[in-house]
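Reader: Hi! I have a structure open here and would like to talk it through with you. Could we start with the charged side chains?

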Amino acid sequence: MNNEDPLSELRDIHLPDAISMWPPAPGWFLIIALAIIALLWLVRKLSHRYRSRLYRRQALQQLQLIIDQDIPSWQLQQLFALLRQTAHSIYEAADTSSLGVDDFINFLQSTSHSHLFDCDRKSLKMALYASTDEEKIGDYQQLCRVIARDTRHWILQHRISLSGTKTC
């Protein structure tokens, strides 16, 4: 028998090597791939949404140019031209350019989320098609402000589909 001290053969505690961060487990590769796909899908969706709302931004710029002018009868005519142009660019199937004033206002109300263009239609027709009377210029200015406000709301909040199920 060996009488040596058995404790002398004991060694100090050795810690294992540190766990490396690379390569990760296979599940992480799947998660990274799914995150990249989701990010690409989100960028594509936001880009499509931005491009699909270009007509709104252009119409709002044109609306601001119209509002900056100070000729009420001209403003009303331009506001209705802008509304018709915007409606035609969205609802190509509906022939909005040939509608009369009453039918066009009904169309705008039917494609709106809120009650817009609830003004006196007779005075609106007079302002659109009659010569400008100096005594009615205040009424025309008030009517023009109301129509401009409603035009802005309609451009920002109209329904995209005629059935009213899809909104943008």
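Reader: Great, so how do the side chains of aspartate 102 and lysine 125 meet?

Author: In this predicted model, they meet in a salt bridge, with 2.7 Å from N to O. A salt bridge here is a side-chain nitrogen of Lys or Arg within 4 Å of a carboxyl oxygen of Asp or Glu. The pair links distant parts of the chain, since aspartate 102 is in helix H4 and lysine 125 in helix H5, 23 residues apart. Helices are DSSP runs (H or I, at least four residues) and strands are E runs of at least two, numbered from the N terminus.

Reader: Before we go on, what are the ground rules for the numbering and the model?

Author: Residues are numbered from 1 along each chain as its sequence is written, and side-chain values use heavy atoms, leaving out hydrogens and water. As this is a predicted model, local features need pLDDT of at least 70 and side-chain atom pairs count only at pLDDT 80 or more, while totals for chains, interfaces and linings use all residues.

Reader: Thanks! Which residues are linked with Asp102 in a network of salt bridges?

Author: Arg121 and Lys125 are linked with Asp102 in that network. The aspartate 102 and arginine 121 side chains meet at 3.8 Å, N to O. Aspartate 102 lies in helix H4 and arginine 121 in helix H5, so this pair ties together parts that are 19 residues apart in sequence.

Reader: And is lysine 125 buried or exposed, or partly exposed?

Author: Lysine 125 is partly exposed, at 33% relative accessible area, and aspartate 102 is also partly exposed, at 27%. Buried means under 20%, exposed over 50%, and partly exposed in between (1.4 Å probe, protein chains only).

Reader: How many salt bridges are there by this rule?

Author: The count comes to 3. One of them joins aspartate 150 to arginine 149, with the closest N and O atoms 3.1 Å apart. Aspartate 150 is buried, with a relative accessible area of 4%, whereas arginine 149 is partly exposed at 46%.

Reader: Nice. How many residues has the largest nonpolar core?

Author: That core has 32 residues, and those with the most contacts inside it include Leu76, Leu124 and Trp154. Helix H2 (54-68), H3, H4, H5 and H6 each supply at least two residues of the core. A nonpolar core is a set of buried Ala, Val, Leu, Ile, Met, Phe, Trp, Tyr and Cys residues joined through side-chain atoms within 4.5 Å.

Reader: Changing topic, how many helices and strands does the protein have?

Author: The protein has 6 helices and 0 strands. Buried residues make up 27% of its 168 residues.

Reader: Last one: where does leucine 40 lie?

Author: Leucine 40 lies in helix H1, residues 26-52. Leucine 40 is exposed, with a relative accessible area of 58%.
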